[in-house]
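This briefing is meant to be read beside the sequence and the coordinates. Please keep both open while going through the points below.

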Amino acid sequence: MSLGVVMLVHTAFKRAEQVARHWANAGCPVVIHVDRNVVAKSYKAFVAALADVDHIRFSRRYRCEWGTWGIVAASQTASEKMLRDFPDVQHVYLASGSCLPLRPIEELIDYLAARPRTDFIESATTMDVPWTVGGLDQERFTLHFPFSWRRHRFLFDRFVQIQRLIGTKRMIPSGLRPHMGSQWWCLTRQTLTAILQDPDRATYDDFFRRVWIPDESYYQTLARLYSRELESRSLTLSKFDFQGKPHIFYDDHLQLLRRSDCFVARKIWPHAELLYRAFLTDRAGAMSRTEPNPGKIDRIFAKAVDRRTRGRPGLYMHSRFPNENWENGVTAGPYSVFQGFAELFDDFEPWLARATGSRVHGHLFAPEKAEFAEGEEVIHGGLSASAEIRDATPWAFLTNLIWNTRGERQCFQFGPHDTQDDVIWNIAKDPNAQISVVSGAWAVPLFNSNLDFATIRRAAAKLQKIEADSLDAYRSPYAKAHIRIWTMAEFIEAPMEPLQSIIDEIGARNPRRLAEVPKMRDLTGFGQFLQNLKNQGMHPYLMGDFPVEGRQLGQRPRTRKPYLVR
């Protein structure tokens with residue numbers, strides 16, 4: 001025998017028994033450590049189930065909690081028993097109860113026999129480690145950690161803060177340079193014996209006992225002192241997500257695990273019947289003899305992390321929705337927002353639908369309800385026109401609308417009468433948004449109303465303030481949408497050019513010059529209306545320069561250019 005296996009077990013004992021027998025049937029002695037937190041009844045049943053196997057042993061039990069010394073103590077005791085009871089073992093492989101051999105054990109034995117002096121353990125200095133999560137790299141060696149990170153997180157964090165404030169810094173034992181890496185190693189008998197029998201072991205153990213997550217640094221550091229040939233890699237396939245949590249392999253990962261060419265993988269779901277059946281009993285389906293290469297599947301894991309953290313453009317999920325700026329594209333596709341056009345033209349919405357072939361809605365954020373095209377009450381994806389439902393999360397309403405209508409251009413009206421909330425800023429920051437604004441056009445319905453002038457004045461002042469805030473968002477340096485802004489006076493003097501540019505940007509069915517234009521409302525007397533507002537002490541400045549005498553479409557063309565935001 002040349003390979004011994006140390007197994008750390010704390011749950012799924014039926015699977016651990018199955019894997020332990022698989023190691024033993026290949027001629028590998030196995031020393032098992034069972035977490036002391038496991039109740040006596042379960043422990044005794046597990047021991048009894050393996051009593052018929054000659055070269056399986058059980059070591060002294062320790063309480064093993066993530067991030068604490070107990071895991072190192074468990075591996076030390078089990079390794080000492082392995083070295084003492086099985087003198088022919090040349091390599092010791094540390095595994096867990098959730099580890100699963102992917103290739104015939106004989107291949108692993110041959111692989112190690114061809115490298116009798118090589119230690120396989122991931123070992124990198126703290127400055128070279130990119131995978132730590134939680135902000136503790138060098139500090140995990142220089143601070144004290146008396147509290148459990150999982151059970152007493154508040155005390156853990158506060159004690160770290162206090163130590164930082166008072167400048168606590170533990171001394172690292174002379175001659176040690178801390179290294180970190182995966183806890184799953186395969187060490188030669190010589191290196192492991194040197195670590196466990198080091199004259200300064202008591203000093204090293206005392207130091208690492210107060211290190212955070214010592215199982216990822218104890219052997220990784222000490223192996224550097226004694227190893228003759230160290231390959232800084234683990235023979236166990238172990239993948240972690242962006243939060244530092246291990247990926248769990250299920251039955252549908254069968255082909256993925258085969259492609260890795262690795263000898264062992266963790267963490268395997270205990271109920272993955274297909275994986276256990278394929279890798280523990282199917283010799284015909286065993287992978288070919290080749291160098292382990294987990295990098296072959298790194299691209300797939302990287303894609304999974306990207307999908308989880310960034311997702312698809314415009315599609316939100318629970319892991320990203322609460323986090324601002326985590327989106328991979330604010331919305332799923334381009335859409336158009338028109339502010340002031342429906343107020344200025346009688347039939348703007350049906351005209352735009354005919355000219356572009358797009359779906360043209362009314363005011364999606366109107367106070368009463370969402371004005372879907374053709375008066376629909378429910379649209380794709382089950383989106384309701386209910387204002388109460390929409391206003392629970394207005395921005396999610398819009399992103400869902402764009403996502404559910406992918407492939408069809410959506411256009412809608414917006415204005416100071418509508419629900420604002422966070423919608424303005426999110427639209428302004430969305431590169432998919434095409435925003436066209438005729439500022440001050442909200443005054444046209446007031447001009448045509450029969451309200452008393454005092455009421456009109458109050459309404460005008462309120463609406464102007466709201467639109468001014470929206471224009472600030474559109475002109476903000478954070479705005480990423482394609483935005484065009486005209487004052488009302490500029491627009492009505494030469495409306496054909498801006499209308500043509502809008503149609504061209506949307507992508508009209510017929511790219512020819514416009515032959516049909518929407519009908520503009522009668523603005524005779526509008527200049528005097530604005531002057532009356534001024535006379536009452538309200539200054540309507542967003543409309544631009546309107547003379548007191550009203551003028552009609554096409555009069556006094558001017559060459560002034562529209563305000564353009566790109």
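This is a predicted model: local features need pLDDT of at least 70, side-chain atom pairs count only at pLDDT 80 or more; totals for chains, interfaces and linings use all residues.

**A buried strand residue and its surroundings**

Phe414 is buried, its relative accessible area being 1%, where a value under 20% is the cut-off for that label.

**Phe414**

- Phe414 belongs to strand β17, which covers residues 410–414.
- Once neighbours within four places in sequence are set aside, the residues in contact with Phe414 include Val337, Phe338, Gln339 and Gly340, and also His363 and Phe365.
- Also in contact with Phe414 are Thr419, Gln420, Val423, Ile424 and Tyr474.
- Although Phe414 and Ala366 are 48 residues apart along the chain, their C-alpha atoms are separated by 8.1 Å.

**Helices α7 and α9**

- Two packed helices are described by the angle between their axes and the distance between the axes.
- For helix α7 (residues 189–196) and helix α9 (residues 218–226), the axes come within 9 Å and cross at roughly 110°.
- Angles of 65 to 115 degrees count as roughly perpendicular, and α7 and α9 are therefore roughly perpendicular to each other.
- On the α7 side the contact is made by Thr191, Leu192, Ala194 and Ile195, while α9 contributes Tyr218, Tyr219, Leu222, Ala223 and Tyr226.
- Sorted by class, this contact of α7 with α9 has eight nonpolar residues and one polar residue, with no charged residues.

**Helix α22**

- Which residues of helix α22 (residues 526–535) are buried? They are Phe526, Gly527, Phe529, Leu530 and Leu533.
- An α-helix has 3.6 residues a turn, so residues three or four places apart point the same way.
- The cover over the buried residues of α22 includes α18 (443–447), α19 (453–474) and α20 (488–493).
- Following α22 comes Gly537, which has a positive phi, near 95°.

**Backbone details in loops**

- Arg266 and Lys267 are joined by a cis peptide bond, with omega at about 10°, and Lys267 is found in the loop between β12 (264–266) and α11 (273–281).
- Ala12 is not a glycine, yet its phi is positive, at about 50°; this residue lies in the loop between β1 (3–9) and α1 (13–25).
- Is Ala12 buried, partly exposed or exposed? Its relative accessibility is 26%, so Ala12 counts as partly exposed.
- Glu374, another residue other than glycine, has a positive phi, near 60°, and is placed in the loop between β14 (359–363) and β15 (378–379).
- Glu374 has a relative accessibility of 79% and therefore counts as exposed, the cut-off for that label being over 50%.

**The chain as a whole**

- The protein chain contains 22 helices and 20 strands.
- Of the 566 residues in the protein chain, 51% are buried.
- Among the contacts in the protein chain with a separation of 6 or more, 75% are between residues 24 or more positions apart.
- The accessible surface of the protein chain comes to about 26900 Å², and carbon and sulfur atoms account for 51% of that surface.

Key: Residues are numbered from 1 along each chain as its sequence is written. Side-chain values use heavy atoms; hydrogens and water are left out. Axes are lines fitted to C-alpha atoms, for helices over the stretch in contact, and angles run from 0 to 180 degrees between N-to-C directions. Helices (H or I, at least four residues) and strands (E, at least two) are DSSP runs, numbered from the N terminus. Angles under 35 degrees count as roughly parallel, over 145 as roughly antiparallel, 65 to 115 as roughly perpendicular and the rest as oblique. Contact means heavy atoms within 4.5 Å. Ala, Val, Leu, Ile, Met, Phe, Trp, Tyr, Cys and Pro count as nonpolar, Asp, Glu, Lys and Arg as charged, and the others, Gly among them, as polar. Buried means under 20% relative accessible area, exposed over 50%, partly exposed in between (1.4 Å probe, protein chains only). Accessible areas come from the Shrake-Rupley method with a 1.4 Å probe; for residues, only the protein chains shown count as cover.
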